[in-house]
Amino acid sequence: MYSDFIINTSELPSYADWNVKLTNAFVGHRLHGNTFYMNGFYNGAAMKCHRARIPCPIQYVTGSIKSYSLNLKTGIYTINGEGFKQNIYAHSVLNRVFISEIEVTAGDVALEDHHGPPSSDLTVLEDRTESGVNHFHAKIKEPETPDSGVLEVAVVSTVLDATLPPGKYLAVSAFGFTTEEAIKFYNLALQYYASGKLCDTHISVWAYIWNSVSVGVDNPDLSLNINSAMFYLLGAFPAFCLSIEGVDSYPFQFYGVSPGGLGNGGDGEDYWGHVFWDQDLWMLPSVMVLFPEMVRQSILYRVKMLPGARAKAQKNGYKGAMFPWESGRTGIDVCPGEIYAKYQQHVTADVVYAIRQYVYATGDWGVLTDDGAWELVRETAVFWVSRVQWDGENFVIDKVMDPDEYHYDVNNSCYTNASARVNLQFAVEAAKRLGHPIDERWSMISSDNHGIKIPFDKENQFHPEYDGYTLGTKIKQASVVLLGYPLMFGMDPDVRKNDILIYEKCTASGPAMTYSMYSIGMLELGDVSTAESLFKVQFKNITQPFKIWNEYATAYGCTNFLTGIGGFLQSLYFGYLGLRIYDSYFLLAPYVTPDCGSVVFKGVKYHGERFDITAEKSEISVKRTTGNAFELWVIESLNDKTVHPLITGKVVMLKPGRYKVYVSKS
């Protein structure tokens, strides 16, 4: 049984990785499994780095199970049985805590431990149970670098009797990097429970999220796909409780989002829990226009990793900062694949792209001055200056791997060069804005006139993926198509269409996010029919019953693939809403989503204001719902140049078309 926000099933999925993953961005768990992971808690040196497996402290009910249910509105997972039920949730406020609440109404219910085998990642320092509370304390076996220190983990958890008679029971599992931290959060959870606010404070965070933002459609299947995608992606980022009353001595240090999220990432699985460009280019853009404060934590993670990026640049004979293809806790390159570590270099520009879009979406240039992001932008620009070469006509970048990983050691990857150009252009823009010196080479390399080479085939009117690309050669995933969006590289509409059609035909059964970009491109060109068919390809990657995304439609790959979810949400916000974010305005070109009569984008956030946008077949409406009463926001038609004021709470009805929203200076 499904509703827009509740997934209910009588059977668990046949493949364990398709079970629900719950996380509060500090600790994550694949339900019914035997493992927990903590954000930033890795074992293994350099290329052996992976998330350290922590044995699961949760006891699960057994017996006659009637159903398993996930409530997306509350973030609570329920196991319903004959005469009992168990609720499990990753607490949204007490973000070191997982909660299990069991109610037995008839007969006795048996519990089973899910510790699994001893963790091969940990050396156990303490594992004792007293008065119904287990104290687990361990350290990793091998740090990421010799100087990064041996990380420790502490888990304080309730141990219930193996058989429970009728009654209500609470089991708290609290995690920390020290025993003191875990005990503090364990006791806080008990205090919240005693005052009757343990569950309510958790639910209040999810209530705030869903009351603030949503994509409403009159198609139940699509609605559930959207809501589950938003639940999984937003749950991967820190919510709004980074500073908790009474625990200021335990600040939340966020270590980014990996492709499979925090419920995955052990040795040899789901990209080891490393952070890739997936976070910056695929996940962050949609979160950015919903809850930019969540995105800020990811930017601060990249800033914290800057020393590792500098070290990689120096190691490879370059200047500035060269971000690694895969990052863990310290910022060194932890990629286990030598060719990827060597040739995947566009990630440096992807990091800066995310910073630029955050600044544009929020107007918060303070992240550059106050939080060190300017230093990152400058150092990456220095890297690209040292990376390019002059070939007598243009600046070129040789020996890289395109996002299309089928081809590496290629010259002038179209996407790599275009993203480097964006990096350099933003360095110029930011330096001007902040009053910092500008290296004239940043402007030279990123200019249209003999700047960095963007391969172009004049005869066939398309962008070759790299120098020497042969038309029709198979590619793995979206690459050249990313020039039009998200990079917003200017080109003739016919060239944009050729890029989409040529590469879509050449795309193998690639990862889930690819078709989102083809769909966005066709909507940009007004080809709604083709966009719809490309949009629906994404659904092949969604598994049942819990809407877990596979990396590949024909093979499992990484699960729950947040990269694909991020692409899917972008195909809604930047495809069907037509959103384009700039520093002082944003653009809209809304279309109705497939098989729907209407779509409502609630709570799109820009410069602190929220907007609701509704698209129907024959009209659209825009309402400014919150914001500064002393600023006059307007919406301007790019078709006939008519301008309408956006007064808070007042709906403006418009014809379908392209629109610009900004603060009027008049």
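Buried means under 20% relative accessible area, with exposed over 50% and partly exposed in between (1.4 Å probe, protein chains only). This is a predicted model, in which local features need pLDDT of at least 70, side-chain atom pairs count only at pLDDT 80 or more, and totals for chains, interfaces and linings use all residues. Residues are numbered from 1 along each chain as its sequence is written, and side-chain values use heavy atoms, with hydrogens and water left out.

Q: Why is C506 called buried?
A: The relative accessible area of C506 is 6%, which is under the 20% limit, so C506 is classed as buried.

Q: What makes C335 count as buried?
A: C335 has a relative accessible area of 2%, and because this value lies under 20%, the residue is buried.

Q: Why is T35 called buried?
A: T35 has 13% relative accessibility, which is under 20%, and therefore counts as buried.

Q: What makes the pair of T35 and N34 a polar contact?
A: Their side chains meet at 2.8 Å, and a polar contact is a pair of N or O atoms within 3.5 Å, where within protein one must be able to donate a hydrogen and the other to accept it, and residues adjacent in sequence count only if both atoms are side-chain atoms.
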